[in-house]
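Colleague: I have some questions about the terms used for this model. Please set each value against its definition.

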Amino acid sequence: LSPMPGKVVAITRPVGDAVAAGDIVVVIEAMKMEHAVRSPSDGIVTSIPVAVGQQVDADQVLAVVEDGA
């Protein structure tokens, strides 16, 4: 989820990538600072419903990570 309103400036892990808890998945810019949005758990990125350049709201879903088992 987006921690605050901002603009998506990077998607660092594409759909299908395995991620570990704490890996950066999306970077947003808010208040002239970049904020890394990290994976909450180990798993596979199954969806990224945002695009680079898109404005997002606080608590908007940026990526979905599902258990890879």
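Predicted model: local features only at pLDDT ≥ 70, side-chain atom pairs only at ≥ 80, totals over all residues.

Colleague: Why does the pair of Arg-13 and Asp-23 tie together separate parts?

Modeller: Arg-13 lies in the loop between strand 1 and strand 2, while Asp-23 lies in the loop between strand 2 and strand 3 (24–30), so the pair ties together parts 10 residues apart in sequence. Strands here are DSSP runs (E, at least two residues), as are helices (H or I, at least four), numbered from the N terminus.

Colleague: Why is Asp-17 called partly exposed?

Modeller: Buried means under 20% relative accessible area, exposed means over 50%, and partly exposed is in between (1.4 Å probe, protein chains only). Asp-17 has 26%, so Asp-17 counts as partly exposed. Asp-23 has 24% and is therefore partly exposed too.

Colleague: And Ser-2: buried or exposed?

Modeller: Buried. The relative accessible area of Ser-2 is 1%. Ser-2 sits in the segment before strand 1 (6–11). Leaving out residues up to four places away in sequence, Ser-2 touches several others, among them Ile-28, Val-56 and Leu-62. A contact means heavy atoms within 4.5 Å. Over the whole protein, 28% of the 69 residues count as buried.

Colleague: What does Gly-16 touch, beyond residues up to four places away in sequence?

Modeller: Ile-44 and Val-45. Gly-16 and Ile-44 are 28 residues apart in sequence, yet 6.0 Å apart in space, C-alpha to C-alpha. Gly-16 lies in the loop between strand 1 and strand 2 (18–19).

Colleague: How do you know that strand 1 and strand 6 pair?

Modeller: Two strands pair if DSSP finds at least two bridges between them. Strand 1 and strand 6 are joined by 2 bridges and run antiparallel, so they pair. Gly-6 stands opposite Val-56 in strand 6.

Colleague: What is the strand order in the open sheet?

Modeller: The order is 4-3-1-6, with antiparallel pairing. Strand 4 (33–38) and strand 6 (55–56) are the edge strands, each pairing on one side only. The protein has 7 strands and 0 helices.

Colleague: Why does the radius of gyration agree with a compact globule?

Modeller: The radius is taken over C-alpha atoms, and the globule rule is 2.2 Å times the number of residues to the power 0.38. For 69 residues, a compact globule would come out near 11 Å; the protein has 11 Å, so the two agree. The C-alpha atoms fill a box of roughly 35 × 20 × 20 Å along the principal axes.

Technical notes:
Residues numbered from 1 in each chain as written. Heavy atoms only, no water.
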